[in-house]
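This report describes the packing and backbone features of a predicted model.

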Amino acid sequence: MSDVRYLIELTDPKTHVFKLTLTVAAPAALQRFSLPAWIPGSYLLREFARHLSGLKAEQAGQALALEQLDKANWQVACSPEIPLLLSYQVYAFDSSVRAAFLDASRGFFNGTGLCLRVHGREQAVHSIEFGQLPPAWQVATAMAQAPDGRYQAADYDELVDHPFELGQFWTGQFSAGGLPHKIVVSGALPVFDAERLLADAQRICAAQLDFWHGPATSRDSALPFEAYTFFLNAVEDGYGGLEHRASTALIAPRRDLPRLGQVEVSDGYVRLLGLISHEYFHSWNVKRLKPADFAELDYAQENYTELLWFFEGFTSYYDELMLLRCGLIDEARYLKLLATSYNGVLATPGRKVQSLAQSSFDTWIKYYRPDENSPNSTISYYGKGALLALALDLSLRGAAASPSSLDELMRGLWRRSHAGLRTGARGAISEADVLAVITELGGSALAQQFQQWVHGTDDLPLPQLFERFAVQLRADKPTLAQRLGLRVTESGAGSCASTIVKQVLQGSAALAGGLCAGDELLACNGWRLRRLEDAALTLAPTTLRLSFLVARDQRLLSLDVEMSAAGPVDGSEPVLMSLAEKVPPAAVGLRKAWLAG
């Protein structure tokens with residue numbers, strides 16, 4: 001019998017309300033409770049307590065007085081010898097992977113959004129049971145199920161690290177590395193090719209298990225989980241994932257799922273496979289290897305670290321590389337994806353303002369709250385972090401004296417700090433730990449250079465590194481938006497089409513011409529605009545001037561934008577990547593070793 005028990009009831013799902021009864025077998029004389037303000041893996045205070053209501057306490061059928069201490073903390077005076085019951089409701093209508101959702105067709109939740117934390121009892125056994133579910137509804141979770149039917153966790157941290165999917169959904173299974181894996185899909189279209197998704201996910205998981213531990217017959221360390229579950233919510237529009245210790249919650253457009261009879265691998269499906277690869281890689285890199293700052297989590301406030309460039313950025317580097325290594329995409333497609341990431345970072349002026357360490361530390365107030373100025377003042381620790389991993393990998397592999405690789409660095413960190421451990425605070429690493437392994441593999445000069453890359457704002461020397469690996473960079477034709485230095489939102493069609501300026505980049509022609517976020521671009525050079533690219537059709541052969549008719553705060557403005565013949569500013573010209581031909585065999589060997597792993 002667990003010490004802390006949650007009964008979850010869905011009495012009327014269409015109201016979007018979960019009803020909970022929390023039983024504490026042996027409460028403190030003055031028992032305190034709280035609901036987390038954030039969920040690990042998503043670094044923003046989401047204030048889950050705003051959805052909690054109707055909190056009541058009782059012992060032996062007698063109501064007790066509850067005192068609210070602040071927005072997410074309560075306490076109650078009670079008898080330690082008698083079980084304490086708390087009842088409350090949680091409104092759930094957030095379809096993202098980070099919170100909770102309930103309607104007449106589906107339920108989903110993370111424990112951080114529903115389960116009050118019992119202070120002083122965090123290390124006790126916790127359990128979840130459900131009241132009567134709607135007809136034909138199922139329950140899916142990676143949490144262990146006890147003989148009495150309850151879902152049971154060793155402590156509160158484990159309890160909130162297992163999401164639950166409720167409803168009628170498709171489930172498939174496969175084995176990778178000798179371990180059982182499950183995929184749970186909700187909301188897919190009837191043409192969904194389930195067998196193809198299972199087969200492709202199996203290849204990703206097998207490749208990553210081999211990456212971290214070697215072949216099953218010769219593994220030198222224990223695996224981080226005994227079974228794994230992917231939860232995929234297929235929707236009209238949405239994308240993202242959140243890692244957990246033995247599962248991940250994913251959301252993706254249902255049009256991106258593979259379809260029966262579809263031979264080609266669409267860009268949307270490749271993006272979904274990259275998401276699966278990314279979140280599965282997190283089973284090692286962030287769930288076990290983790291920032292030392294996260295050794296003990298504080299659910300009530302921000303948990304700062306400067307290392308998200310490693311845990312998110314390096315994971316982003318490997319997600320698509322693993323698709324290549326397991327044969328789901330070819331080299332040309334991988335380089336196309338890599339060029340997209342490279343161009344995205346170069347097209348962000350904020351890369352010259354904010355370092356990767358600063359980007360990681362400021363994630364709580366900046367990354368999840370983007371605004372019209374974000375590209376000018378910030379850089380993504382995902383995007384540039386992935387390029388940082390690439391630069392380090394190529395530097396290690398290209399070393400003349402004793403070549404190594406980022407693969408060896410990742411496995412070395414795992415072996416040193418976490419081999420064989422499933423739970424606990426071990427596996428926490430610092431920047432000093434990363435630098436120590438870089439020094440061991442590539443020398444002190446590379447470690448010092450790497451530290452400058454992390455804490456500085458200079459561009460990474462990727463063009464020079466690519467030369468040694470026979471990867472050719474060629475200038476690509478910039479889009480009109482890139483030439484202008486604009487990011488826009490386009491919607492509608494025909495007479496209902498509209499183009500709204502979302503962001504204006506520093507140093508751009510658009511900024512010099514007076515355009516600003518929120519402007520609606522109505523016409524250019526006397527012609528009605530349907531899409532931004534149509535403005536290029538209104539240019540006379542001898543001019544680079546675009547005269548825009550703009551709607552701003554109900555006023556009509558005429559603004560002239562003079563484009564540069566040289567294209568985008570600040571070295572942000574887009575490039576194409578391809579395999580160089582007629583190069584020395586040594587370069588081809590380096591490239592093959594990098595791409596094949």
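## Nonpolar cores

In this predicted model, the largest nonpolar core comprises 106 residues, and Phe450 and Trp594 are the members that touch the most others. Leaving aside residues up to four places away in sequence, Trp594 touches Tyr317, Leu321, Arg325, Tyr334, Leu338, Leu390, Asp393, Leu394, Arg397, Phe466, Phe469 and Val471. Another core, of 52 residues, lies apart from the largest one and includes Leu114, Ala124, Leu166 and Tyr299.

In soluble globular proteins, nonpolar side chains tend to be buried together.

## Packing of α9 against α16

Trp594 also takes part in a helix pair. Helix α9, residues 383-397, packs on helix α16, residues 585-596, at an angle of about 135°, and the two axes are 11 Å apart.

On the α9 side, the contact is made by Leu390, Asp393, Leu394 and Arg397, while α16 contributes Leu590, Ala593 and Trp594. Sorted by class, this contact of α9 with α16 has 5 nonpolar and 2 charged residues, with no polar ones.

## Packing of α4 against α5

Helix α5 spans residues 308-325 and packs with α4 at an angle of about 130°, the axes being 8 Å apart. With this angle, α4 and α5 are therefore oblique to each other. The crossing of α4 past α5 is right-handed.

From α4, the contacting residues are Val270, Leu273, Gly274, Ser277, His278 and Phe281; from α5, they are Glu312, Thr315, Ser316, Tyr318, Asp319, Met322 and Leu323. The contact of α4 with α5 contains 6 nonpolar, 5 polar and 2 charged residues.

## Positive phi values

Most residues other than glycine have a negative phi. Val286 has a positive phi, near 140°, although Val286 is not glycine. Val286 is placed in the loop between α4 (267-281) and β22 (290-291). With a relative accessible area of 10%, Val286 is buried, because buried means under 20%.

Ala470, likewise a residue other than glycine, has a positive phi near 55°. The loop that holds Ala470 runs between α13 (462-468) and β24 (471-475). Ala470 is also buried, with a relative accessible area of 3%.

Notes. Residues are numbered from 1 along each chain as its sequence is written. This is a predicted model: local features need pLDDT of at least 70, side-chain atom pairs count only at pLDDT 80 or more; totals for chains, interfaces and linings use all residues. Side-chain values use heavy atoms; hydrogens and water are left out. A nonpolar core is a set of buried Ala, Val, Leu, Ile, Met, Phe, Trp, Tyr and Cys residues joined through side-chain atoms within 4.5 Å. Buried means under 20% relative accessible area, exposed over 50%, partly exposed in between (1.4 Å probe, protein chains only). Contact means heavy atoms within 4.5 Å. Axes are lines fitted to C-alpha atoms, for helices over the stretch in contact, and angles run from 0 to 180 degrees between N-to-C directions. Helices (H or I, at least four residues) and strands (E, at least two) are DSSP runs, numbered from the N terminus. Ala, Val, Leu, Ile, Met, Phe, Trp, Tyr, Cys and Pro count as nonpolar, Asp, Glu, Lys and Arg as charged, and the others, Gly among them, as polar. Angles under 35 degrees count as roughly parallel, over 145 as roughly antiparallel, 65 to 115 as roughly perpendicular and the rest as oblique. A crossing is left-handed if the near helix is turned anticlockwise from the far one by less than a right angle, and right-handed if clockwise.
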